[in-house]
Amino acid sequence: MFVMDLTSLHLHWREAKRNDKTYRSYSLARAYRRDGKNRKEICVKLGKLSDDAANRWRTFLKAIKKEGSFVATLEDLSATGRFAYLDVAAVNAAWDAWRLDDAFNVAGLRDVKLSSIAKILTINRCIAPASKSQTAEWFKGTALSWMLDINSDSVNASRIFRELETIEKQKEAICSHLFKLIAKRYPDSLNSIFYDLSSTTFTGSRCLLMKWGHCKEGYRNHIVLAIVVNQDGLPFYWEVLPGGTADSTTIAWLMERMKHRFRVKGVTLVFDRGMVSDDNLVLLEGNGKEEEIKYISAMDKNQIEEISGLDFNQFAHLTSPRIDKQVESLKGFSKLNENTWYREVGLKGKRRYILCFNPQLFKDQNKAREEAEKSFQEIGRNLNAELLRAKKSRQEKTTLKKFKKEAARLKVTQFANVSLEEVYLKDETGKANIRTYRGSITFDDKKKKKAGELDGFWLLVTNHIEKSENDFTVSAKEAINPYREKVVIEAAFRDIKSFVEVAPVYVWTKEHVKAHYTLCVLSYLMDRTLTLRLHNKKGEITRDVVAHEKLYEKLSGCMIDQLKVANVGLSTFKMTPPTNEQRELLERIEMTKLLGGDIEKKARQAEL
């Protein structure tokens, strides 16, 4: 039996002329060396070939020289599975960059490490938020089993729910771990830390933390979420509080953790005006026995006149069309930037107050009042139309209450007047009279002007009162900017409650609910980490990708494909060829190693 080693052959050709025409004939040849000379042995004569046929032979001979090569036709090839890879791998790498496995050092033998379960749940929250019971199915459709060296059958709903309580027990260790890393890597980012609370709705009725009541989503079953982030929006402490917890009551709770856990020299706590109360400020300022904590916040609008001592009638001439020019001549105010003008308005004890004016805020509040006025007029017309269709007599107090309720909702009560005119209608028989009313709405321009005299103004309060000679050690600019930058924590909640999808909460035990929020915060940490890297390095063809949502979308197309070759009984794995966009994005987030091919080898080894 003749055996030919095709890997040693190459396509050889020679030309011959006949009747003024040139012909090319092909053969398979083997090159060898003898007596110090290069020689060639013709093994198979192929004869004349078309250019297309010759190219196919060249491609074939080149391919079979590679290790693991085989011969197949398109009919032999089929794709039998696709597994999410590049988007999942990016989040996995972000987790590893924070060395979060170190925070899940739990004793006891486990088929799957606790850190791996937490990582899987966190990545799921980032990429495709699902309920805990559905996460196991999602996991099977990703490359995570190969990346983490976990049998896909080992991750199931039962294991996930069983580990949630243990994950929550590690929360304090996670917070300490993150704080230490942030303090080491980005110490300046802790000069100001931002604290805020928000609520999230709750599905179910058995959780002890849940409470029915008013929250930002209306009257719903809800819990309260607290979070602390650094200047870059990176979280390092969080908590789940019972529904109905008042913002202002949590400062004392936070102070204990600040003093005993997160001690950073020169840190300033920045929080929203909803948490400002005299008791809280006294608590932060210390009493000689307790150490003072520096803070920056803002006062309620109704306190501005009393605390500043200014007569705001002097600003009655300000108008939206001219405000950008008028602001330049505001008495006593200095310019911080295009949107902020400020004026020191005095010290009272340990508190320093700075009055700020924002021209854009002035325009927005003016516009909102005009729109509220129009909305109230429209509502009045609708209510009147309803009243004039009455089938039964109406009560005057009840009718007036409807108008006033809408006025209060639109915040026009201060300058809107409502009067009722009694109207009688005939019933269907045309005999009995039905008493109803027609409302008349008017607006008092003088009161409306009074209602808008604080538009654009806000009052900052801080205990940065130290002076060097005649100037404050912390300038007005240094005090105002951190409060204006509290948008980082507002963005954190916006991300956690939308893209990460903290709500609805389907788990119901106290520990499970808290673990759910911990996983949501860790997901936000991954999102924020990748977003910051995108901001640090601009792209050329991906300049429009500036946040994690679009990053995941772009990376998701690069998957691990499972391929079957029927004629040789082979099943293998191959990464979808990455696009130029995906390559640039990986450069921007410093993760080009994800295209190294290791994942393909792991997938193939697992298949054996």
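Here is a short chat about the sheet and helices of a predicted model.

Trainee: Hi! How many strands form the sheet, and in what order?

Mentor: Three strands make an open sheet, ordered S1-S2-S3, with antiparallel pairing. Strand S1 (9–18) and S3 are at the edges with a single partner strand each, so one side of each has no neighbour in the sheet. From one strand to the next, the twist averages 40°.

Trainee: What joins S1 to S2?

Mentor: Ten bridges do, and the two strands run antiparallel. As an example to look up, His10 has Ala29 in S2 as its bridge partner.

Trainee: And which helix packs on that sheet?

Mentor: Helix H1 (residues 51–64) does, touching S1, S2 and S3. The direction of H1 makes about 155° with that of S1.

Trainee: Back to the strands: how many residues lie between S2 and S3?

Mentor: Two, and the strands form a hairpin. In the turn, Asp35 has a positive phi of about 55°. Strand S2 (residues 21–34) pairs with strand S3 (residues 37–48) over ten bridges in the antiparallel sense, and Ser27 sits opposite Lys45 in S3.

Trainee: New topic! At what angle do H2 and H3 pack?

Mentor: About 130°, with the axes of helix H2 (residues 86–97) and helix H3 (residues 114–127) 10 Å apart. The two helices are therefore oblique to each other, and H2 passes H3 in a right-handed crossing.

Trainee: Which residues meet there?

Mentor: From H2, they include Val88, Val91 and Trp95; from H3, Ala118, Ile123 and Cys126 are among them. The residues of this contact of H2 with H3 divide into seven nonpolar, three polar and three charged.

Technical notes:
Residues numbered from 1 in each chain as written. Predicted model: local features only at pLDDT ≥ 70, side-chain atom pairs only at ≥ 80, totals over all residues. Heavy atoms only, no water. Axes fitted to C-alpha atoms, helices over the stretch in contact; angles between N-to-C directions. Helix = DSSP H or I, 4+ residues; strand = E, 2+ residues; numbered from the N terminus. Parallel < 35°, antiparallel > 145°, perpendicular 65-115°, else oblique. Left-handed = near helix turned anticlockwise from the far one by under 90°. Contact = heavy atoms within 4.5 Å. Nonpolar A, V, L, I, M, F, W, Y, C, P; charged D, E, K, R; others polar. Pairing = 2+ DSSP bridges.
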